[in-house]
Amino acid sequence: MSTASNPSVPHDRILILDFGSQVTQLIARRVREAHVYSEIHPHDVDDAFVREFAPKGIILSGGPNSVTEDDTPRVPQVVFELGVPVLGICYGMQSMAEQLGGKVEGGHTREFGYAEIRAHGHTKLLSGIQDFETAEGYGMLKVWMSHGDKVTEIPPGFKLMASTPSCPIAGMADESRGFYAVQFHPEVTHTLQGRTILNRFVLELCGARPDWEMGHYIDEAVEHIRTQVGSEHVILGLSGGVDSSVAAALLHRAIGDQLTCVFVDHGLLRLNEAEQVMETFANHLGVKVIHIDASEAFLGKLAGVTDPEAKRKIIGAEFVEVFQTEAGKLSDARWLAQGTIYPDVIESAGKGKKGAHTIKSHHNVGGLPETLNLKLLEPLRELFKDEVRELGVALGLPPAMVYRHPFPGPGLGVRILGEVKREYADLLQRADSIFIETLRDTIDPASGKSWYELTSQAFAVFLPVRSVGVMGDGRTYEFVVALRAVQTQDFMTAHWAHLPHELLGNASNRIINEVRGINRVVYDISGKPPATIEWE
């Protein structure tokens, strides 16, 4: 259900034009956190699209290019003619300045990271917003900068709104037209008042209604799915992950028995995960689920394979084969549903576009073949991950399922280093389960939260090496597992979690005592970068 193509959806909307910044998604998330609907679209959309979108306001993102070059992106002229407020961020500010009669030059001093800016002129955007005040009485903001070029002359009609010693024009505004621009990034958490600034722009200056809420979304989505599907049947590959689980719950709410889920167990899931999925969906929610135990087939294909990329490809290809076989048995299915979410759509849309630095290509359900001859249904394609979780709770899914840590598609296949064997998977499942259980049971007194809640992702990794140990009076020669726990906001960078030593000691003791075959436990203290979160 895309509101850009479905004007009947009664939400005020903010249009975000993407100039290739890696953090453009954060702008949309901040706007939606203010309960206002927003969409990201490429900077080179045509004028007709912008007018049809009918935004209450427009935000121009940052980007990696320089407006001092002739062939770099520019803002569509209609943006400045539509009569709605516009906020330019970083590159968006520079492009606004250049196109409206100002000047931009390459900066002699580049600013990357923390900065303190002084607000000027009491503009509606920044008035009364500050982190501290100087002895002279100037309001100051703690912000995050990331730029080389800078505006050296503001366009006619604009006035100075903010400055730093190395960037005299760090913000500008033409309040008669509702045009505002900042050189810093209000969307990142490092800008302490960033959310307040964006909320003011969206809610006050644009006057957008804060009516984007999951409770309302369910009703709209259900109505749209029923209209789209009619009386036809839908098949969904249920992985047990958050996205496919929420998609299944939403589709079941909309079309009931017209939905059939296929749950493929490749033998590399978390401990008891298959049973939990079936209990939740088939028994608790009444969803029609076909459970396929394909572990022998998957493990057979993986025998002797040690290369991580080869393992991923084998698991993906085998999943497609098993799913296609089962889908072929459902002769009345006309739709294939996928748990595509908005970041997938954004990252895929940027692929191949000049100025965009693509993170990944669209990749749901392993890339199922067109020979299925099914129409595609993506009921979550407008939602960010945090919105998907919120929707899942609203649909009645157990919070423990909805708020679980991420789990890779190939499952334990990429957490068992080297060759994948059932013996190794069994050991790792039990070790991982003990680690997660210990995190859930250990409460941090400072926050009152469990360490599972305080970490973004945590898991165990099976190492294909043996080490000498002593148990009782006997010598052992058994395997090693590494524990990994990280804290992050965007998964692009991550810090290793400083877990209490007592927690790590408890987890280690339990694993060694309860999982026969493991006699040594180590803890991974690598950040991302230079390491990745997963080991393979």
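**Strands, cores and backbone exceptions in a predicted model**

User: In β9, which residue is the bridge partner of Ala-162?

Analyst: The model is a predicted one. Strand β8 (residues 159-164) pairs with β9 in the antiparallel sense, over four bridges, and a hairpin of two residues joins β8 to β9. Within this pairing, the residue of β9 that partners Ala-162 is Gly-171.

User: Which residue of β10 stands opposite Gly-171?

Analyst: On β9, Gly-171 is the bridge partner of Ala-162. β9 is also joined to strand β10 (residues 179-182) by four bridges, and these two strands run antiparallel. In β10, the residue opposite Gly-171 is Val-182.

User: Which residue in the turn between β9 and β10 has a positive phi?

Analyst: β9 and β10 are antiparallel strands joined by four bridges. They form a hairpin with four residues between them, and a phi of about 75° occurs in the turn. The residue with this positive phi is Gly-178.

User: How many residues of strand β9 are buried?

Analyst: Strand β9 covers residues 167-174. It pairs with β8 and with β10.

User: Into which domains is the protein divided, and what distance separates the centres of domain 1 and domain 2?

Analyst: The division gives domain 1 (13-205), domain 2 (214-403) and domain 3 (422-523). Taken over C-alpha atoms, the separation between the centres of domain 1 and domain 2 is 37 Å.

User: Which residues is Ile-511 in contact with, leaving aside its neighbours within four places in sequence?

Analyst: Ile-511 is among the residues with the most contacts inside the largest nonpolar core. Once neighbours within four places in sequence are set aside, the residues in contact with Ile-511 are Ala-431, Ile-434, Val-481, Leu-483, Ile-518 and Val-521.

User: Which residue caps the N-terminal end of α9?

Analyst: Helix α9 (residues 308-328) has 21 residues and reaches 30 Å from its first C-alpha to its last, close to the 30 Å expected at 1.5 Å a residue. At its N-terminal end, a side-chain oxygen lies 3.2 Å from the backbone nitrogen of Glu-309. The capping residue that supplies this oxygen is Asp-307.

User: Which elements are included in what covers the buried residues of α9?

Analyst: The buried residues of α9 include Ile-315, Phe-319, Val-320, Val-322 and Phe-323, and also Lys-311, Glu-318 and Glu-326. Their cover includes the helix α8 (295-302) and the strands β11 (233-237), β12 (259-265), β13 (288-293) and β14 (333-337).

User: In β15, which residue is the bridge partner of Trp-335?

Analyst: Four of the five residues of β14 are buried. This strand pairs in the parallel sense with β11 over four bridges, where His-233 stands opposite Ala-333. β14 also pairs in the parallel sense with strand β15 (residues 375-377), over three bridges. In β15, the partner of Trp-335 is Lys-375.

User: Is His-122 buried or exposed?

Analyst: Most residues other than glycine have a negative phi. His-122 has a positive phi of about 50° and lies in the loop between β5 (103-119) and β6 (132-133). Its relative accessible area is 72%, above the 50% cut-off, and therefore His-122 is exposed.

User: What is the relative accessible area of His-35?

Analyst: His-35 is not a glycine, yet has a positive phi of about 65°. It is found in the loop between α1 (24-33) and β2 (37-42). His-35 is partly exposed, with a relative accessible area of 34%.

User: What is the omega of the peptide bond from Pro-529 to Pro-530?

Analyst: Most peptide bonds are trans. The bond from Lys-528 to Pro-529 is cis, with omega near -10°, and Pro-529 is placed in the segment after β19 (518-523). Pro-530 is found in the segment after β19. The bond from Pro-529 to Pro-530 is cis, with omega near 10°.

Definitions and conventions. Residues numbered from 1 in each chain as written. Predicted model: local features only at pLDDT ≥ 70, side-chain atom pairs only at ≥ 80, totals over all residues. Heavy atoms only, no water. Core = buried A, V, L, I, M, F, W, Y, C linked by side-chain atoms within 4.5 Å. Buried < 20%, exposed > 50% of the residue type's maximum accessible area, 1.4 Å probe, protein only. Contact = heavy atoms within 4.5 Å. Expected span 1.5 Å × (residues − 1). Polar contact = N/O pair within 3.5 Å; in protein donor to acceptor, adjacent residues only side chain to side chain. Domains from an automatic or database assignment. Pairing = 2+ DSSP bridges.
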